[in-house]
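Student: I would like to learn how to read a structure like this one. Could we go through it feature by feature?

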Amino acid sequence: MTEKLIYELSRPGRCACFLPKTDVPPAELPSEWVREEAPLLPEVSEVDLVRHYVRLSQLNYGVDIGFYPLGSCTMKYNPKVNEEACRLPGFAQTHPLQSEDTVQGNLRLMYELQSYLAEISGFAAVSLQPAAGAHGEFAGILIMRAYHHDRGDTGRTRILIPDSAHGTNPASTTMSGLEVVQLKSDARGNVDLDDLRAHLDDRVIGMMLTNPNTLGLFDEHLEEVARLVHGAGGLMYGDGANLNALMGIAKPAELGFDVMHFNLHKTFSTPHGGGGPGSGPVGVTAELARFLPGPIVVRVLDEEACTCGPGDEHDEFCYRYELSEPASSIGRLKAFYGNFGVMVRAYTYIRMLGAKGLRQASEDAVLNANYLQARLKQVYPLPYDRPCMHEFVLEGRLPDAPEIRALDVSKRLMDYGMHPPTNYFPLIVHEALMIEPTETESKESLDAFVDAMLRIAEEARTQPELLHGAPHTTPVGRLDEVRAAREPRLRWRPPAD
Amino acid sequence: MSYVPHTDADRREMLAAIGVRSVEELFAVVPESVRFPELRLPEPLSEAEVMEELRALADSNADLDHLACFLGAGAYRHYIPSVVQHVIGRSEFYTAYTPYQPEISQGTLQTIFEYQSMICGLTGMEVSNASHYDGATAMAEAVIMAMSVARGKRRKAIVAPTVHPQYRQVVRTYTQGMGVRVVGDEDLTADLSRLADLIDGDTACVIVQVPDFLGGLESPATLSALAEATHRAGALFVVSVDPISLGLLKPPSEYGADIVVGEGQSLGLPPSFGGPYLGFFACREEYVRRMAGRLVGETVDSQGRRGYVLTLATREQHIRRERATSNICTNEALCALAASVYLAALGPRGLRQVAELCYHRSHYAARRIAELPGFAVLDSRPFFKEFVVRCPAPVEEINDELLEWDILGGYDLGRDYPHLAGHMLLCVTELNSRAQIDDLVMALRIIGEGGGE
């Protein structure tokens with residue numbers, strides 16, 4: 001089942017949009033500027049356009065269709081009210097350069113969200129500007145760099161990163177002009193303390209640590225790690241990708257982190273959109289607040305509006321909200337203030353869950369992962385066998401079916417109507433299958449996944465060809481990725497081309 | 001309300017299967033002194049209550065459904081056809097993630113492939129990636145790519161003073177650790193010819209915006225000459241462009257662009273207080289392996305059927321780690337889908353109509369405003385939909401008074417360009433009817449006469 005390209009549906013003269021007529025006297029067009037050839041865009045009727053995209057949507061798998069245990073991506077179910085909230089015209093139809101007086105509602109929402117995130121994480125200040133997790137990481141590293149430079153210490157150029165880290169960590173480090181020093185993990189999946197000690201000196205800006213890490217494990221030596229890094233004058237960066245395990249469980253700032261980014265779209269529930277938009281706010285300790293990317297939102301007493309007498313307690317009507325540039329800001333990371341639409345969703349989510357609901361979400365995320373881990377480790381090798389947090393990593397290989405790889409298991413899962421786990425990451429596990437069920441899955445859906453995984457293990461022994469050829473029931477079969485990379489065809493070209 | 005389905009019975013059964021007595025036991029590894037902190041957050045609300053609270057917040061803003069908007073400066077109000085919301089509202093699209101598993105992601109993959117095709121069709125370039133966070137970050141990534149094309153041997157990026165001020169800031173933020181010198185905008189009054197004098201063997205790229213931040217269009221000949229000077233020095237010519245303008249105006253490929261970037265918000269996305277937006281990025285094919293971001297390519301499946309996959313991933317962070325071309329992972333896929341639907345709905349003729357409406361209506365507005373006593377339009381160059389008006393009073397004051405007329409006035413250029421204090425950047429799109437423009441002109445006349453007090 002495939003769908004034609006929209007260009008292949010195109011017929012000259014069709015259009016799916018009717019525009020107003022010109023009601024002003026026409027101006028003379030600048031002839032040197034007018035394009036001679038029309039842009040190469042499809043021409044389709046509205047019904048053809050709608051059917052095209054609806055058919056394409058049917059070739060997709062999303063959280064609203066079924067189980068999506070894509071490790072590290074927190075594919076939880078996202079409440080529909082979030083979508084309604086961010087589309088309120090009072091939010092969606094505001095211009096980022098309107099005067100602050102006319103967007104007090106937006107600024108207040110951002111201010112409250114900054115405060116909620118600070119409370120959940122324990123940090124003193126938050127900037128909502130970064131547009132995605134990797135963007136927040138980049139901000140965090142620039143903040144650490146700026147902190148040392150501001151002290152006059154420019155000799156520090158290194159960032160320590162465990163070998164289990166997301167690829168964005170080293171990539172963000174390079175973008176900041178800094179050097180990556182990779183640290184080993186120990187046999188229990190923690191940072192190897194000896195390796196850490198061996199690399200700590202006055203060239204270290206700081207350490208980037210995902211906790212729980214990408215194995216889904218809470219580092220057993222976290223306090224010691226933080227103590228050592230701080231002792232060497234370095235800062236601790238927390239990759240907040242896995243915050244879904246920690247809401248109401250522990251505040252990262254109290255665990256010793258100095259900087260952390262949040263993935264609002266993961267932890268605080270924005271649908272992932274096929275790859276964005278996201279939002280990656282960054283939180284810092286008081287000492288680092290002045291380096292945050294700006295602008296951030298501050299609350300000030302509105303002298304005109306406040307009618308309080310001496311000793312009265314101010315209420316919400318006494319304040320106004322303003323955009324403010326942190327004193328030693330690393331600078332602006334994108335135009336305007338961040339992905340506001342995602343902020344509205346996160347605000348909505350936090351308001352509906354409250355402290356108790358957030359903790360419940362984290363508890364059930366961890367419960368679900370441990371339940372799956374307990375059941376699946378009976379059949380699939382579990383390299384780090386201890387209680388996990390919100391996700392865990394299995395080896396997708398079976399002792400009695402040596403020719404079967406993690407990829408085969410993943411592809412076969414699609415035939416059971418499920419999205420596969422993350423494959424081949426983290427890199428320190430052979431044939432990794434990284435499984436993150438999230439808190440929104442019922443026991444029935446977890447049991448169905450276990451059943452599928454157990455049947456696949458059985459098939460691996462009895463009908464390995466079924467796995468090698470999988471998936472069998474999807475719109476297309478396995479795709480030739482080598483060919484795609486060797487002869488890149490990255491756009492449609494007219495047939496005569 | 002946690003959106004969690006478990007009953008207490010479920011939890012008990014699961015804990016038994018795990019072999020622990022309580023959920024708390026699973027967290028024994030968390031240092032006890034900081035375990036289970038109290039979170040001081042407001043009491044949870046029901047769905048009805050939260051929507052009431054949000055509506056109150058939203059209603060306390062002055063929004064563009066209730067104001068005539070003449071503000072642009074990087075975020076624009078254009079008509080969004082109904083089909084756009086209906087397509088991106090399909091949860092098969094919006095509840096998926098990055099299409100790592102192509103067999104069950106052909107919908108997302110094909111729409112990205114079509115998006116890439118349309119961005120190429122619009123800009124005249126050979127390849128496009130799947131998106132950046134916004135126009136500003138796309139520009140910053142263009143600088144990084146230009147440095148990479150020069151294999152790190154060139155350390156200078158020249159940026160025109162008429163590039164969006166926030167974009168110039170973002171370029172500086174992005175490159176602060178890379179040892180790049182961003183030059184060209186020290187003199188904010190400089191014109192493009194002075195940029196050419198800065199080009200040398202250390203120059204990685206030259207960046208211009210078309211139409212520029214002040215709305216104006218240099219001639220294609222001037223831009224071509226700058227592109228040639230750039231190329232003679234072995235550097236890349238980067239153009240940031242308004243995609244709506246390309247319905248009518250020459251694409252950057254025709255005046256020498258090597259990389260074309262821009263803000264795609266105009267293509268079917270609401271202004272949404274600054275985000276989420278869409279950075280588009282297109283370039284010559286020879287640079288494709290140095291591009292940032294996701295790329296979708298065509299291939300075949302095991303039975304020879306056409307299909308699409310993420311490709312050339314060896315550029316990317318999850319494969320190449322510290323040697324990746326960029327750290328970008330989550331981008332703006334759903335916004336790119338909105339832009340694709342927008343462009344497909346309009347087609348070349350619809351987009352031309354939108355562009356012409358912007359052009360004619362903005363020129364009508366400029367002519368009328370130029371007639372007002374006290375106001376002047378700086379129109380030495382052609383413009384597309386934005387133009388600069390010199391005002392008889394501080395822009396902020398005029399805008400405050402315009403609000404009384406339910407009009408959102410233009411951008412105060414004095415904020416970024418001291419020599420343009422008292423000048424307003426006005427934007428007119430196809431959504432500003434003649435009646436709205438006439439109202440603006442009347443309001444300005446009265447305000448200019450001091451009658452608005």
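Tutor: What follows takes the contact between the chains, then helices, strands and single residues.

Student: What should I know before starting?

Tutor: This is a predicted model, in which local features need pLDDT of at least 70 and side-chain atom pairs count only at pLDDT 80 or more, while totals for chains, interfaces and linings use all residues. Residues are numbered from 1 along each chain as its sequence is written, and chains are lettered from A and ligands numbered from 1 in the order in which they are written.

Student: How many residues of chain A are in contact with chain B?

Tutor: Two residues are in contact if their C-beta atoms, placed from the backbone, lie within 7 Å. Here 172 residues of chain A are in contact with 171 residues of chain B.

Student: Which helix of chain A gives the most to the side that touches chain B?

Tutor: Helices (H or I, at least four residues) and strands (E, at least two) are DSSP runs, numbered from the N terminus. H10(A) gives the most to that side, with 23 residues. Several helices of chain A each supply at least two residues to the side touching chain B, among them H1 (46-57), H4 (104-121) and H10 (340-376).

Student: How do the residues of that side divide by class?

Tutor: Ala, Val, Leu, Ile, Met, Phe, Trp, Tyr, Cys and Pro count as nonpolar, Asp, Glu, Lys and Arg as charged, and the others, Gly among them, as polar. The side of chain A that touches chain B has 93 nonpolar, 48 polar and 31 charged residues.

Student: How are two packed helices described?

Tutor: Two packed helices are described by the angle between their axes and the distance between the axes. Axes are lines fitted to C-alpha atoms, for helices over the stretch in contact, and angles run from 0 to 180 degrees between N-to-C directions. The axes of H4(A) and H10(A) come within 10 Å and cross at roughly 45 degrees. H4(A) is therefore oblique to H10(A); angles under 35 degrees count as roughly parallel, over 145 as roughly antiparallel, 65 to 115 as roughly perpendicular and the rest as oblique.

Student: Is the crossing of H4(A) and H10(A) left-handed or right-handed?

Tutor: A crossing is left-handed if the near helix is turned anticlockwise from the far one by less than a right angle, and right-handed if clockwise. H4(A) passes H10(A) in a left-handed crossing. The residues that meet there include A:Leu109 and A:Tyr116 in H4(A), and A:Met343 and A:Ile350 in H10(A). By class, this contact has 12 nonpolar, one polar and one charged residues.

Student: Which strands pair with E6(A)?

Tutor: Two strands pair if DSSP finds at least two bridges between them. Strand E5 (residues 235-240) of chain A pairs with E6(A) in the parallel sense over four bridges, and A:Asp239 stands opposite A:His261 in E6(A). Strand E7 (residues 282-284) of chain A pairs with E6(A) in the antiparallel sense over three bridges. In E7(A), A:Val284 is the bridge partner of A:Val259.

Student: Are the faces of E6(A) buried or exposed?

Tutor: A residue is buried if 20 or more other C-beta atoms lie within 10 Å of its own, exposed if 12 or fewer, and partly exposed in between; C-beta atoms are placed from the backbone. Both faces of E6 (residues 259-262) are covered, with A:Val259 and A:His261 buried on one side and A:Met260 and A:Phe262 buried on the other.

Student: What is the order of strands in the open sheet of three?

Tutor: The order is E10-E12-E11 in chain A, with antiparallel pairing. E10 (392-395) and E11 (422-423) of chain A stand at the edges with a single partner strand each, so one side of each has no neighbour in the sheet. Four bridges join E10(A) to E12 (residues 432-435) of chain A, and A:Leu394 stands opposite A:Leu433 in E12(A).

Student: Where does A:Leu56 lie, and what is it in contact with?

Tutor: A:Leu56 is in helix H1 of chain A and counts as buried, with 25 C-beta neighbours inside 10 Å. Leaving aside neighbours within four places in sequence, A:Leu56 is in contact with A:Glu3, B:Gly107, B:Gln110 and B:Thr111.

Student: Which peptide bond is cis in chain A?

Tutor: The bond from A:Gly276 to A:Pro277 is cis, with omega near 5 degrees. A:Pro277 is in the loop between helix H9 (264-267) and E7 of chain A.
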